[in-house]
2 protein chains.
Amino acid sequence: MIKVVIIGAGNVASHLFNALYTADNISVIQVYNRSQKKLAYFESKTTTTTSLSKIMDADLYLISVSDDSINSLSKKLQFNNKLVAHTSGSVAMNQISTHNSPSVFYPLQTFTAGKAVDFKAIPLCLEATKKSDMLLLEIVAKSISDNVYQIDSKQRKALHIAAVFVNNFVNHLYQKGEEICTENNVSFDILKPLILETAKKVTELSPLKSQTGPAKRNDNKVIEQHLSDLNTTTRQEIYTLLTKSIQKTHGNKL
Amino acid sequence: MIKVVIIGAGNVASHLFNALYTADNISVIQVYNRSQKKLAYFESKTTTTTSLSKIMDADLYLISVSDDSINSLSKKLQFNNKLVAHTSGSVAMNQISTHNSPSVFYPLQTFTAGKAVDFKAIPLCLEATKKSDMLLLEIVAKSISDNVYQIDSKQRKALHIAAVFVNNFVNHLYQKGEEICTENNVSFDILKPLILETAKKVTELSPLKSQTGPAKRNDNKVIEQHLSDLNTTTRQEIYTLLTKSIQKTHGNKL
């Protein structure tokens with residue numbers, strides 16, 4: 001049985017806890033958090049503590065706190081030579097204090113508080129300094145996910161930026177779409193099959209080949225009509241920039 | 001049995017044909033196209049013609065050609081007082097010549113040549129001038145889709161613009177994500193579960209509530225790091241504009 005302690009009690013920590021808690025060969029022996037309040041969820045399921053000095057002996061410590069706190073928290077850990085992983089997409093592995101053995105255990109997914117996710121499908125990006133550490137990380141990762149990757153800090157940084165494009169920015173475009181629907185008394189539901197199909201399509205066909213629409217077709221009549229119908233500067237700016245970028249990508253005249 | 005003639009043999013025409021061809025109460029009695037070559041696919045399944053004068057008598061004519069050709073083609077139709085629908089998102093109903101009865105039969109979906117779609121889930125947006133015309137359109141629409149909406153030309157125009165945001169522009173952001181992965185020797189496959197979950201999430205939770213990421217959190221340290229890591233002007237421009245727009249939406253300081 002591999003003993004894991006989770007340090008942090010936020011969104012990612014909770015989702016990781018739920019996945020590891022039900023894994024066969026893993027025991028989450030403790031959850032640490034600075035404040036007692038956020039530990040309530042875990043109390044009936046495992047040991048909890050608000051004291052760094054009371055963190056128990058384990059095989060793996062997962063630091064799942066805000067990016068800015070990873071470094072300082074890792075320095076405060078009162079044990080040595082243990083495997084300590086952070087779970088962030090944008091923090092380098094070397095931000096973990098070297099009095100322990102630094103590593104990374106990064107689930108590449110968007111987590112919503114209270115919304116269950118199928119962890120099996122979530123890619124876990126692992127990084128470690130020692131081969132034996134990587135082996136342990138892999139055992140833990142494979143016990144909860146079918147998509148386990150070894151990714152170095154530079155690659156993870158790039159992945160995190162790419163994730164901002166395909167998740168944060170994409171979601172914002174959904175929101176622009178919803179705004180336009182609402183203003184015109186059209187149900188956003190009408191767009192949902194298109195949203196799902198657009199996402200599904202690029203799992204089979206490259207985004208480059210999947211591209212359609214007035215920008216790709218260089219249909220300036222439709223583009224101009226859309227720009228004149230868009231009634232806010234922000235929407236017009238987004239429309240113009242992304243149209244220009246699509247035309248550049250597909251070699252059309254600007 | 002409702003008799004339908006499809007005018008056009010492109011991507012949307014083919015997908016509509018396949019759906020209507022298998023519907024119980026519909027008979028696609030003919031497909032018209034200017035050139036014989038593109039009719040090859042239909043020849044074993046129904047009558048085809050390249051001559052406007054040979055178009056057969058039907059209950060509904062679906063014009064599925066490029067936006068620019070709808071008006072001129074509708075004027076050339078050599079029959080009168082028949083129900084004629086175009087299938088475009090961005091063309092007004094009144095672009096169909098009034099020597100027939102104008103209407104719209106717009107499937108809101110991204111169609112890829114050769115890739116089968118589940119038509120049942122595709123929203124069909126209908127518009128007609130007469131109640132009896134709408135009734136006929138509805139019978140045909142409901143025979144192939146579970147999502148049938150009455151949408152007027154102004155609403156359809158808005159929907160089409162919204163669709164550009166949630167489909168064309170979203171796909172382009174996928175492509176930017178893939179570029180960044182490829183440049184860093186990371187498989188784009190790692191992003192696919194995130195892409196699917198991001199899309200699925202807004203079918204249950206509004207995009208406004210689904211928003212996450214450095215822009216939403218106002219995490220300027222990460223934003224600046226990302227901007228300095230992005231190595232093309234276009235990517236930096238897209239990152240800056242969408243970050244600014246998310247911050248504006250969520251009331252953060254710029």
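Trainee: What follows helix 10 of chain A?
Mentor: Gly251(A) does, and its phi is positive, near 65°. Helices here are DSSP runs of H or I with at least four residues, strands are runs of E with at least two, and both are numbered from the N terminus.

Trainee: And where do the numbers and the model come from?
Mentor: The model is predicted, so local features need pLDDT of at least 70 and side-chain atom pairs count only at pLDDT 80 or more, while totals for chains, interfaces and linings use all residues. Residues are numbered from 1 along each chain as its sequence is written, with chains lettered from A and ligands numbered from 1 in the order in which they are written.

Trainee: Which residues of helix 10 of chain A are buried?
Mentor: Ile238(A), Tyr239(A), Leu242(A), Thr243(A), Ser245(A) and Ile246(A). Buried means 20 or more other C-beta atoms within 10 Å of a residue's own, exposed means 12 or fewer, and partly exposed is in between, with C-beta atoms placed from the backbone. Seen down the axis of helix 10 of chain A, the buried residues fall within an arc of 165°, so they line one face of the helix. That arc is taken over the directions from the helix axis to the C-beta atoms.

Trainee: What is exposed on the other side of helix 10 of chain A?
Mentor: Thr233(A) and Lys248(A) are exposed there.

Trainee: What do the buried residues of helix 10 of chain A pack against?
Mentor: In chain A, helix 5 (153-183), helix 8 (214-217) and helix 9 (220-229); in chain B, helix 5 (153-183) and helix 10 (233-249).

Trainee: On to the pair of chains, then. How many residues of chain B are in contact with chain A?
Mentor: 76 residues of chain B are in contact with 77 residues of chain A, where contact means C-beta atoms, placed from the backbone, within 7 Å. Helix 5 of chain B gives the most to the side of chain B that touches chain A, with 25 residues. The residues on that side divide into 40 nonpolar, 25 polar and eleven charged. Nonpolar covers Ala, Val, Leu, Ile, Met, Phe, Trp, Tyr, Cys and Pro, charged covers Asp, Glu, Lys and Arg, and the others, Gly among them, are polar.

Trainee: Where is Leu159(B) found?
Mentor: In helix 5 of chain B. Leu159(B) counts as buried because it has 27 C-beta neighbours inside 10 Å. Leaving aside neighbours within four places in sequence, its contacts include Cys181(A), Val186(A) and Ile190(A).

Trainee: Last one: is Asn185(A) buried or exposed?
Mentor: Exposed, because it has 11 C-beta neighbours inside 10 Å. Asn185(A) lies in the loop between helix 5 and helix 6 (192-201) of chain A, and has a positive phi of about 55° although it is not a glycine.

Key:
Two residues are in contact if their C-beta atoms, placed from the backbone, lie within 7 Å.
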